[in-house]
Amino acid sequence: MAWAIYISFGGALISALLPKAKPEVARLWALAVAVAGLAIAIAGFAAGMGQGRQVFVDALWVPSMGVHYLLAADGISRVLVLLTGIASVAGVLFSWNIELRTNQFFAFYFALIGGVYGVFLSGDLFLLFVFYEIAIVPKYFLISIWGSTRREYGAMKLALYSFVGSAMVLIGLLAAYSTAGSHSTALGDLAHAGLPVSFQMWCFPLVFVGFAILAGMWPFHTWAPTGHVAAPTAASMLLAGVVMKLGAYGCLRVGIGLFPHGLDPWGFSFIGIGSWRDVFAWLAVIGIVYGALVALAQTDFKFVIGYSSVSHMGFVLLGLMTLNQIGVDGAVLQMFSHGVIAGLLFAIVGRIVYDRTHTRQFAELGPMHLSRRLPFAAWAFVFAGVASMGLPGFSGFVAELQVLVGAWQANPWWAAVSGIGIIVGVAYIWRALQKAFFTDSLPTPHEFESEREHKFAPITWPEYAGVALLGISTLVVGVYPRILLDSIEPAVKALLAGGAQ
Amino acid sequence: MNYAALFRATLPETALEIAALLVLVVDLGFLRKVALQIRTAVAAVIGIAGCIAAVWAVYAAGWTGFSAGSDLLLAAGGSAAVAQVAILVLTAVTLLQVVDSGSAESSFTRNAGEYVSVVLMAAAGGLIISAAQDLLVIFVGLELLSLGLYILTAFNKQSGKSAEAAIKYYLFGAMSAAFLLFGFSYLYGLSGSTSLPEIVLGTYLASARGGTPLLLIALVMIAAGLGFKIAAFPFHLWAPDTYEGAPAPAAAFIASVSKVASFALLISISYAILRWPAMLHLKGGGVTFTASPAGTPQPPATVGFVPTWPMILMDLSVLSMIFGNLAALAQSSVRRLLAYSAIAHAGYILLGLAFFSWTNVSAQAILYYSVTYGLTAIGAFGVVGVVEHATGSDKLDAFLGLHKRNPLLAAVLLVLFLSLAGIPPLIGFWAKFNLFAAVLRTSGGALPFTLVALAIAFSAVSLYYYLQVLKRAYVMPSTDESPIRAHPATLGVLIAIAAAVVVFGCFPALLQNWIAGFYPSM
Amino acid sequence: MNEFATGFPILTVLTVLPLIGASIAFFAGKHARGVALVTSLGCLVLSLVIWISLPANGILGLVELHSWAPSLGIEYHLGVDGLGALMLLLSAIVTLMSVDASHRVHHMPGLFYGLILILESGLFGSFTALNFFHWFLFWELSLIPAFFLIKLWGGPRRGPAATQFFVYTMAGSVALLISFLAIFLSTGSMDFGDLTAMAASGALSQMVSAHLGAVMPWLAIGVLAGFAVKVPLVPFHTWLPAAYAEAPSPVTMLLTGAMSKMGVYGLLRIALPIFGVQIAAMRTPLLVLAVITVVMGAWAAAAQKDLKRIFAYSSVNHLGYCLLGIFALAVPTYGAAAQASQAAALNGVILQMFNHGITAAAIFWFIAMIQFRTGGLRGIDDFGGLRKPAPVFAGLMGIVLFSSLGLPGLNSFVSEFLIFRGVFPLAWVAATISVLGLLVTAIVILTVIQKVFTGPVPEHWANFPDLHHSERLALAPVIALMFVVGLAPRLILDTINPTVVNLLAHWRF
């Protein structure tokens, strides 16, 4: 499975070297690389089902510091690598129409994907951090060169926020490394190093917040809407779909895995908050509700989806904070589910609608009568929107249900307030659906004529393929969640048990 | 005085001096009528040959060092050797870059031979400093280096900026040399010796008898003098102008070699401070102190050199980090940006010096950082030089659309600047990580943690201004789309530097093991 | 639980068949109607097979049970008894009628028929589900096609009508979901059978109180609210007139014929078995609401001028009888006579579900035909004396209207009789007041007949076309069914009664 990383970076390098004038070559190459990555991910997932943690590579990287080049995967990693594979193929498909500097686009794209694969497969904290940082710079370039609204500002904000987050993680990493005796940076070794509780108490929030910035936790989420809107479609898909999951994964693997006692009660409590667990759970809950409410008020289509990402990631973080089997299961499943669904939503809004209508404002989209002129987009959005709402039969329902059950077991208030978020979630998707696609106004005869003349470009095969890929993924997992849960559950169990030092 | 031993110990310096003289002779004697380009190339080649010879000499000279009587004057092996080899390699790379500026209309000077020989002599001064263990030897080496640097700054006779920068550098440098000498004289007065290890012991004894305020003054003076060399705040005022005004290869030399040499010197001083518990233990009684075994990383002391010096370094470090990064944010000239970032990087390294370890960990980390920073800085100035040559300015806007005008150059710029920002898997990241890990390994209290956190935070800030340049190169539309030509030799060197940054970044053990190889196993 | 499983997963096939048909219909364009006809015929055949294969003693048959997501208590658990099978049959018949009635849809026919088939699948799914997750999935699933059917092909004020429909039903679903989540958190089970057993033994309220406190009544209210919106029960009915009126008539047929029965079915499968005690405690207010539904439905129908709205309110009225029966039987009973009344009421309720479905669907079918023949008119005063130019039309529609009225010999009489037979001993006050509803309904229907069919013929209706042969052929089976059920109700009651007895045996009040 480690080959996914190497293929991606190799693909990036070769893509950068491809001739600039021939975008088709770059696209085909990109598709080949992405599909290869997906194939490896699926093969690795299938091969790993039922096995526990598999180690792929373990080489000493810097012996004097005890840094290992350690690639390993347990159930959680396999699921997330699968997600990355799916998202990368979909992203390539939806970038089929990029003409400007195509080879460089895909070079940065695969550099990002390679970094993401690396994070999910790292078994060594230092290696994880390296890959995490590697993923930051391509994002900057992807957004600032090929983005749209306020792209330079959005890109810089994203890059700086991510970097600050990773700086916090680096501090935590160094602190943990030196406190554990400076022997090794392997995750397993650090977890068993017996870090003192007082140390964990301050290191955990530092590292958790560092990762949570990238995961879009309120109130550090402000880069997300701006960044998503500024980014080109494929980059938004990856950002919301996969990159935010890097942050959540880091929270789980590093934060909870290495510093479990950081979540213990402080011994005193302040308005019902008595531990970092309470703090972050409430922040997650606020994020759920806040993201949903703000999404409800947006006038720009893409902003709605951007804020909905903040809201859905809140579920992931809440699930992590429940610290029980079912809640964390739900969090990981939600990572997968939201990754696919958000990718689909951004694809529709960005590639299918915006590239044709050149506007994302509801006020302008409404009169365009898109349900008649772009029926595929309208119905695909119905599908994706319904999945995002958490309708049973799609992956989001099971994930959110598990998180809610877990939250209820931990603290009923968390579940109750999050429920409001779900309800508002229905509302904002509803509103977007109505305003963008299914407005009540019938076209006037004059408009009818002009619309007949200005037909939109037909839907291309890569768009069909991308929508199909993502749609099938969410449907399959929704109808048969065991396909992922069977891998996730043992891994979560091991992680939660291993943390009980 | 065992002159044979002296000669053997100073073989590298001798090699450089011989090369310098050879360059002058060849250039002035034989090449008067030849085109400037060829003269430059010949001079550079001889200079590089001299560097290679000197490197061989470092390895061949053995690790014995040189002492006059019982005083160690020149050390060898360990940090000294690493620094010397590094200085020589960096000098060679700088000289390679000079080859480009040989064509008549683009050269910054007609005096190629003199330029190369001054470079070599300054490098020799750097070699001396790296090995010096005696105050007077330090001063001689420092002056040799500095004088060379002043001259190099002024080499572009057609540029007013060059002259202005050199004057500023010279005046400032002279003043700080005066400070340094003043401080040295107090140290001599307090301890009765000019050899570093003796000084430390002597000042301890002196301060036990109540001479601490004098020691404090001495240390501050010395910090001022040395701080000037490494461009730490508040002794940095020369740096922006010098980096801006000096010809590109000279600026590269200043940014790399003088930094490595100065930090090697600081390492020597820090080692001397930490060795005194061992010496006291060896010397035995006469002094009451809490017995601590020779391996203690934290000398317990409430008087003397020991607590004051780290505190001074810490202050310099923090101020440099803050000031350097914040000031760089506001720059519109890439050269000045690099200057302020150099101040910031000096701040990071000073942190490693403030929490210096008895084991070789800190020294190795500091050397690693300064060497890799030096290499990256040479590359950066190389790119700036090419762009300046083509567009006539080093402002941010001169870099617009670089990816179209010369994609290789833009790629090199990308790699180098990201390395400076500390992005993995490039060498700059590993250097920072290594350094901060060394700091935390040495002392694990709240203060080091906070300072490391501060350093990392400011590293994050630095990404912003490095990205500004990269943004111009890759993202923003360009006004002028004509291709930028770079001399193939220069481009080759830059690509090699970028490749080294990537390769050594991916496999940091390579360089680290090489450095560790110079130290005897503890 | 007493069930036995057969080998062939006929219930799954039944649920999936319309989905397959829908995916073909989406791309079939002009031929979509044909695809839909074939598919719904196939479903009808399957549901007849299911009806015949039911076990004799009223227990759940044709069970399919697979584990799905055990950690959440979710199983793939399907099964039918007499109640479920009857509803499957009803859904199949009504869908077939609806597809038949909609031969005038020209705008995006593929999408239209596809959505109808998805709706049918949703109906089948929720009538066969025995696990909450599965049931809820199909309950929600049926909302979306319904919404779009109203929104895209409806009348002039379809936007607000569709939105109101969606929002109300969604709100009800949320209440249902929350209540069931609470149940799951307390008991760890989502299976209807297990929960019924727990409720009967009293374990359910103990577990809920242990975990959550004294919230059982609130959970019951939540569940009731969900169904109350769907049936509807006054005062949650306000979405109905607009939705029925604005929806295209074939869709209204589905809404009134089948979808409203989802609510009643839910009360019978979920609310009464699991929350029987709580409902019995709230019996009086619930009966009051049911009576108001009956009476108000009829009065409001009398006040309308739009044929569709008249029969929309009339639907409310007829379903009110179902609610009356359901709430009336929620009493602890002692003695054979009381239990016989319960059985009668329940039999009546189930039969009424079937009858009203067929009858109401047929009425709206006729209204659709009127609308088409007259260019969209459906006001009661727009017509007159249609008996003359279109005697067959008038005759057949008259039969259907009389069926709705409850004329003996036709289907509704039997069911309404059974309901009243059961309710009078159990709640005579409610029953007495509801008789008013019967009376007013009679007045409404006779008025409709009088205004539309009798009297002088205005000039412009002199050429009102009568029923074509194809239409007669399509309507004949429906009318025949009404007579058959009216004259020989045993055909259905013989299968339902054992189910009723079985259900009542497991319910505790």
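The term pLDDT denotes the predictor's confidence in each residue, from 0 to 100. The structure is a predicted model, in which local features need pLDDT of at least 70 and side-chain atom pairs count only at pLDDT 80 or more, while totals for chains, interfaces and linings use all residues. Residues are numbered from 1 along each chain as its sequence is written, and chains are lettered from A and ligands numbered from 1 in the order in which they are written. For the complex, the predictor gives an ipTM of 0.82 and a pTM of 0.81.

**Confidence by chain**

- Chain B has a mean pLDDT of 82, with 88% of its residues reaching 70 or more.
- Helices (H or I, at least four residues) and strands (E, at least two) are DSSP runs, numbered from the N terminus.
- Two residues are in contact if their C-beta atoms, placed from the backbone, lie within 7 Å.
- Residues 296–303 of chain B are also below 50, and this stretch has 18 contacts in the model beyond near neighbours in sequence.
- In chain C the average pLDDT is 85, and 99% of the residues score at least 70. Its residues 1–5 fall below 50 and have 13 contacts beyond near neighbours in sequence.

**Where chains A and B meet**

- In chain A, 28 residues are in contact with 27 residues of chain B.
- Strand 1 (54–62), helix 5 (125–134), helix 6 (136–146) and helix 7 (151–179) of chain A each supply at least two residues of the side that touches chain B.
- Helix 7 of chain A gives the most to this side, with 14 residues.

**A helix of chain B**

- Helix 7 of chain B (residues 160–191) has 32 residues and reaches 46 Å from its first C-alpha to its last. This is close to the expected 46 Å, the expected span being 1.5 Å times one less than the number of residues.
- Just after this helix, G192(B) takes a positive phi of about 80°.

**Contacts of one residue**

- Leaving aside residues up to four places away in sequence, L318(A) touches A281(A), A284(A), V285(A), I288(A), V403(A), A407(A), W414(A) and S418(A).
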